[in-house]
Amino acid sequence: MRDAKTAEITEHYSEVARAASAAETASCECCESDPTHAGEAFSLYAKEVLDELPEGALAASRGCGDPVAKADLRLGERVLDLGSGGGIDALIAARLVGSEGRVYGLDMTPDMVALARENAVQAGIDNVEFIEGSIDDIPLPDSSVDVVLSNCVINLCENKAAVFAEAKRVLAPGGRLVVSDIVAFSPIPEGAEESLAHITGCRRGITSVDSYRTMMASCGFVHCDIEPKTVYTTDVLKEKAERKGRVAALEAALRFEVDSVCGSAIIRGRIPE
Ligand SMILES: C[S@@+](CC[C@H](N)C(=O)[O-])C[C@H]1O[C@@H](n2cnc3c(N)ncnc32)[C@H](O)[C@@H]1O
């Protein structure tokens, strides 16, 4: 049984998918004043990578980094993308692992899964499969993939520990996890949590790097490494809040010392051979 927050998240990403599919301006809450999400994709990925993808994949892009660029994918590898959205990372990964490799994209929003499938057809990529399901209950067998990717999704999940446990279960020995997400680098002042989460779009709050490390270690990941990507200084928060029309949340957040407490990061871990 889905909780109300999960239903709200699904509804939101259905709207994003439908707008991207219609190649319209996304009229979602997260981008009211930001009609060009495709433009945002160009700030995260190398242009030559995006040039080969359908417009619908770019328009639905809602990541906060480029996990594929950090995953060192090799020909023939099996990859799972958690919360694959319109398919941007799964499609990029599918090209890198070649016809001997296979990529699975998993997403709970049916409209996103439909859009990603449409994008794969348009891109002429057939070593990718988009599956509907929740990332805390992955519908794949044990030890069935070499790499788990995710881009700005785990922050939306209620049970993050279950997501890491499931990622560990489906990874083959020696497998690796490469996740882009929004994290707290230092404690968020009490009273600023909600407004910062609103500005950054983290609908279930912002989790600390220490908490990520603890969850990953307790699930059996080793060599856990968290590399900051964009540190959200006051100026970055201002830019985000203004672009998304969340100035009231910004004013509330700036009553506290929030400069550089959170930001995007690449989270990496391995499981032993
Ligand atoms: C911020 S978007 C990111 C999409 C994609 N990774 C990208 O970079 O464009 C979040 C995506 O995660 C999906 N999602 C959120 N929670 C999920 C869950 N528990 N299980 C599966 N998918 C989930 C949403 O449906 C949405 O497509």
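Q: Where is Ser260 found?
A: Ser260 sits in the loop between α11 (247-253) and β8 (262-270). Helices (H or I, at least four residues) and strands (E, at least two) are DSSP runs, numbered from the N terminus.

Q: Before we go on, what kind of model is this?
A: This is a predicted model: local features need pLDDT of at least 70, side-chain atom pairs count only at pLDDT 80 or more, and totals for chains, interfaces and linings use all residues. Residues are numbered from 1 along each chain as its sequence is written.

Q: Back to Ser260. What is its phi?
A: Positive, about 65°, although Ser260 is not a glycine. Most residues other than glycine have a negative phi.

Q: Is Ser260 buried, exposed or partly exposed, and what are the cut-offs?
A: Ser260 is partly exposed, with 15 other C-beta atoms within 10 Å. A residue is buried if 20 or more other C-beta atoms lie within 10 Å of its own, exposed if 12 or fewer, and partly exposed in between, with C-beta atoms placed from the backbone.

Q: And what about His223, what is its phi?
A: His223 has a positive phi of about 50° and is not a glycine. His223 lies in strand β7 (residues 222-231). It is exposed, with 11 other C-beta atoms within 10 Å.

Q: New topic: Ala167. Buried or exposed?
A: Ala167 counts as buried, with 27 C-beta neighbours inside 10 Å. Its place is in helix α7 (residues 160-170).

Q: What does Ala167 touch?
A: Val148 and Leu177, leaving out residues up to four places away in sequence. Touching means that the C-beta atoms, placed from the backbone, lie within 7 Å.

Q: How far is Ala167 from Val147?
A: Their C-alpha atoms are separated by 9.2 Å, and the two are 20 residues apart along the chain.

Q: Switching to helices. How do α1 and α6 cross?
A: The axes of α1 (residues 4-21) and α6 (residues 110-123) come within 8 Å and cross at roughly 30°. That makes α1 roughly parallel to α6, as angles under 35 degrees count as roughly parallel, over 145 as roughly antiparallel, 65 to 115 as roughly perpendicular and the rest as oblique. Axes are lines fitted to C-alpha atoms, for helices over the stretch in contact, and angles run from 0 to 180 degrees between N-to-C directions.

Q: Which residues meet there?
A: In α1, Tyr13, Ser14, Ala17, Arg18, Ala20 and Ser21; in α6, Asp111, Met112, Leu115 and Glu118.

Notes. Two residues are in contact if their C-beta atoms, placed from the backbone, lie within 7 Å.
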